Amino acid sequence: MCDVKNEQRIVIKFLVKSGEKPAEIFRKLQHVFNIDCLSKPCVYEWAKRFASGRESTQDDARSGAPKIVHTRQNVERLRVLVRTDRRFTIRMMSDELGINKEAIRQMLHDDLLTRKLCAKLVPKVLTAEQKELRRSICEDFLERIQSEGRDWMNSIITADKSWVYQYDPETRRQSKQWVEEGGERPTKARMSRSQIKTMLICFFDKTGIVHREFIPQRQTVTSVFYIEVLKRLCQRVSRVRPELAKNGWVLHHDNAPAHTSLKVQQFLTSRNITTLPHPPYSPDLAPLDFWLFPKLKEPMKGHRYEDLEDIKRTVTSVLKNLTSGDFQEIKVLEMDACLAVDREVDKVLSRFEDMSKSYNVVLQQLIDSLEIIQNDWQNNVIKDENKESSIKDISKLIHKSKEKTQQLAIEHRELHSTVSKVGKAIDRNFVSDFDATCKEDIFDKPKNVTLLNYIICEHFYRQGSLDIADELVMESGIVIEPSMREPFAKLKHIKESLLKKNIYPALEWAKENRAVLDTQMYPPYPLVKRISSASNLPIRIPYHAKKNKFSGGIMKPRPKTKKIKRMELAKKILEQFYKSSALEFKLHQLAFLSIIQKGVEHQTEAVAYARANFSEFVDRYEKEIQTMMGMLLFIPQGINKSPYSEMVQENMWEEVIELFTRDACTLLGLSFDSLLNVSVNAGCAALPALLNIKHVMTQRKVNDIWKGKDELPIEIDLDSEHRYHSMFACPILRQQSSDTNPPMRLICGHIISKDALQKLGTSTKLKCPYCPMEQSSSEAKHICF
């Protein structure tokens, strides 16, 4: 058939060159080839091609079979693209990679095991310490239930308080209506809670309400007021629950300041009333929050009451209508959220353990079999007639290993669903709304994204995780100079040596940089490391920050003192309260202590080491050297039993590591703590306050106040460890300094703000407001705090 077509194309080409028209060519072909003649459109098409200069009568080359796009390289390209922006649509990915959408969808689901989920809003965030406290409290409850049974819960009286509003909008579920087919969707106006409200405080046990009362208007729930409420509660318990009053009862309330105050604890102790601990931010463990108050407020939503008395009558009526059977619906105060997550984690760990055990046995058997065959071949034990059977055995082992590998891959893929259930359980049981305190457009600018990646990368470099940092650099596309990475690699080696109690790399580094380290001035006390209570991350503060701080200022010289003398005085004051790096001395000290701890036989070695290395440090560390020389007398009886036992504690190594980190960061021009560490610590400390103020602003419909401003709506105290810059307040204008109004130092030594300087004098003459010295305002120097 192809030959007939080609013959006709040759004829068409001849006739076109002869000047025949396409219609005449088609008629002649029909007459000659009959049913095998090309179709009229095909004849016209080829006649057009030959007329335009085409010579070949063969078909154009085709692309052939479709290319295979489901390859490992394309999967990796897709993985990088997803990590770059997780909001990419499948269409955008298809356009970016040049792969059809169905192949993209298949790789996302089958190879990358991903799915696209909407962000979930969560209301609260718990720190690691709060989560651990929550877990321990709930485990104590469960252990007590298992040991004593559930009867001990009959003596619990739980308490809480809540606002009841004059008008509370109905929920979306309450506003549902049945609509006929084709009917319009019902509408309702957006409403908010009324400003008129009253606070209800309620106490109940397993059988019903024990005591309730409404807090008077404009009354703050303080410890004094709460004690009066507890007194009335005790009287009520004696009257309506005489068996509890006789046998004793347990009070369960949250950890509000009024509940945990010292006065309230003393009152409860005097009445022999024990309390159950309550973890912070855990309304799911307070029966009033998750059961009674929703049950009370649900029928009241959507109704507007006339006044406070009407609200109180309605609340009292609803509470009276609750029967003892309703209170039996309350579940045991178990830690459902943590236990649910814990169960999913246990399933994952058990599956991992089972897979590991089974496949370790199989793999070990395969390895043993291959090693036996390998040894036989190397030692020429196998004869020629048995080589074929040995090769078959090897083939079987290879086939078996492939089968086990495929089976392992399938089980590992199935394991993904089990792992994903852990994340679902966490999302379902722990809800935290971080988005409420974030700026939506903070990372819209590529500059901010690059800066964040740079900060994270620098943090990993500082921690010694060079491979992770390099991977982040490659995936994010940020530019890191090689000169920045090289010092961190060396510092990582030195720090690992110190962790192994090898001081010599650090000592060599300190000697190389001795000239620079001697010029750096630090507080005279070593640094201490502790854990932040907000973020559970390490923070570092000097020892002297816990002691009485030096409250004096730099001594003000007399007005007529010469400039050279003033500088010498300032230098003496600086040397008195600040000292240069002690790293090299501390390393020698550790080496000396390590020698004397070996026993009496190394005493001569310790003395020789001290003579060789301590002579250059006598001027600055005379007392410390004298102390170490005194330790030589107690070597026979053991340093740990001597008065110098505190000198050989393990925390000295941690102190040296901290000193090395500080000096290394100083030489590299970096802060002592990484920017990421500081940001996370400060952010975790500020987050609870930000969430609270955001909740208040949402209720009062003043969210726009926060938008468009770089400053927070409230002042947040971050404690002393998060304060890095001093604040200067002008003594003349009583204003804090700013970038536009910086502090200025006069020649006489007094400091005022720039605005005060401009108001006090002209450019030629100025009289200090604190001393009679006259000077020019142009001689004032800008002070950087």
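Where in the protein chain is confidence lowest, and where is it highest? Keep in mind that you're looking at a predicted model. Color it by pLDDT, then select strand β6 (residues 527–531): confidence is lowest here, with a mean of 43. Now jump to helix α8 (residues 223–240), where confidence is highest, at 90. For the protein chain as a whole, the mean pLDDT is 77, and 81% of residues reach 70 or more.

Next, select residues 524–563. pLDDT stays under 50 along this stretch, and the model gives it 69 contacts beyond four places in sequence.

Time for a pair of helices. Show α4 (residues 72–84) together with α6 (residues 101–111). Their axes come within 11 Å and cross at roughly 85 degrees, so α4 and α6 are roughly perpendicular to each other.

Now head for the largest nonpolar core, which has 38 residues. Select W509, L583, L587, F592, I596 and F660, the ones with the most contacts inside it. Several helices each supply at least two residues to this core, including α19 (482–499), α20 (504–512) and α26 (651–668). Helix α23 gives the largest share, 9 residues.

Zoom in on F592. Looking past residues up to four places away in sequence, F592 touches A606, Y609, A610, F614, M628, M629 and L632.

Methods
Residues are numbered from 1 along each chain as its sequence is written. This is a predicted model: local features need pLDDT of at least 70, side-chain atom pairs count only at pLDDT 80 or more; totals for chains, interfaces and linings use all residues. Side-chain values use heavy atoms; hydrogens and water are left out. pLDDT is the predictor's confidence in each residue, from 0 to 100. Helices (H or I, at least four residues) and strands (E, at least two) are DSSP runs, numbered from the N terminus. Contact means heavy atoms within 4.5 Å. Axes are lines fitted to C-alpha atoms, for helices over the stretch in contact, and angles run from 0 to 180 degrees between N-to-C directions. Angles under 35 degrees count as roughly parallel, over 145 as roughly antiparallel, 65 to 115 as roughly perpendicular and the rest as oblique. A nonpolar core is a set of buried Ala, Val, Leu, Ile, Met, Phe, Trp, Tyr and Cys residues joined through side-chain atoms within 4.5 Å. Buried means under 20% relative accessible area, exposed over 50%, partly exposed in between (1.4 Å probe, protein chains only).
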